[in-house]
Amino acid sequence: MAALRVGWPGWRAACAVLALGLSACGGSGVSPVVATRPGAEATAPAAPAPGTPDASAIGQGSVTVALILPLTGPGAAAGAAMRNAAELAVAEFQNPDLKVLVKDDRGTPDGARDAAASALAEGAEIVIGPLFAGSVQAAAGAVRAAGKPVVAFSTDVSVAGRGVYLLSFLPQPEVDRVVEEVTGAGRRSFAALIPETTYGNVVEAQFREAVARKGGRVVALERFPAGNPAAAVARIAPLVTGPGAQADVLFLPDTPEGLTATAGALTRAGFNPARVKPVGTAIWNDPRVFALPALQGGWFAAVEPGGYANFAQRYRTRFGGEPVRVASLAYDAVSLAAALNRQYGSQRFAETTLTNPSGFAGIDGTFRFKAEGPSERALAVFEIRGGSSAVVSPAPRALGPSGT
């Protein structure tokens, strides 16, 4: 099967291709930072020239795609950068037959519902976006009723479903990947310290499932109020410190701020990361985490570095400013729409096309959509070493069977 190709100078064979035809993508991947950097500024899109036809559209092709983003209101900076990234994708694809209708959802569910209705009335065959969970839910009702798919950017898997796919950085694949790697290294007994947050609830469920699937066991799991881990550390310490330790892995899915307190409490309790390996998710990718003595030698799963840096450089060249981190998702989504249209014609956005188990490759590495909506990604495993991190297990070029 021929690859689906995205064109940009010097990188024609890299992103938004079918994984079966994946070409070498020297340094493909992305910095494993999953949130917008504080202080990063998105460059607002240039105002369209007055009187131009379809001034709110990108491209004038025969296939209409909607891009719903928060261009005003909450999330406007991210929306502006994602709109710019979509423009970059169209420019670099080399004559895609797309017309991308850019719709402002005002950062609200009502705005998203209105934007979706307007896009459908204008002939959109697929909706890309929105960004926020409530907006995805509001837009998806109208779009699914019309028999069209949605490729959204929320990290809340509860808004996914058949026909509503999430192209985002989800914690579930990160949990699966690091558990797979550590059990593959012969460690089978897990303990966990998990904050009482929405994120903690999500990763706890995935952690228990992943450990069981890989033949491991959870010997202890403690929850604690966010930012206040002392009591939980005291309860779990006998199982992860000293000669009587029953666990050989400690799962710590917390933010850099939270980890500072937890790691300090572990160190005071005598925790030795050389004996019990600390593991986490992509939110570990932060210099503050790398400096913590209790996490030296720890592993976390995230997308590989390289691809995002290349994308960000091209973005800066075109728009004169820094993209927000999620801008690459809009680039990949629009590139994918163009590639599927070129390869599949009238079946371009059919469910069987979008859920191809071989997946697709983009700025942020290989990904695929599950039939029930969430995405899976090819992730690397990184090790914390003396103030930085290094890849200890590269991201696979192709995804294995789902749920393994």
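I looked up Phe367 and found that, at 1% relative accessibility, it counts as buried, where buried means under 20% relative accessible area, exposed over 50% and partly exposed in between, with a 1.4 Å probe and protein chains only. I noted that this is a predicted model, in which local features need pLDDT of at least 70 and side-chain atom pairs count only at pLDDT 80 or more, while totals for chains, interfaces and linings use all residues. Residues are numbered from 1 along each chain as its sequence is written, and side-chain values use heavy atoms, with hydrogens and water left out.

I then checked Phe369, which at 2% relative accessibility also counts as buried.

I found 12 aromatic pairs in the structure, taking rings of Phe, Tyr and Trp (its six-membered ring) as paired if their centres lie within 6.5 Å, with planes under 30 degrees apart counted as stacked, over 60 as edge-to-face and the rest as tilted.

Phe367 and Phe369 form an edge-to-face pair, with 5.7 Å from centre to centre and 65° between the planes.

Lastly, I wrote down one aromatic cluster, formed by Tyr308, Phe311, Tyr315, Phe319 and Tyr331.
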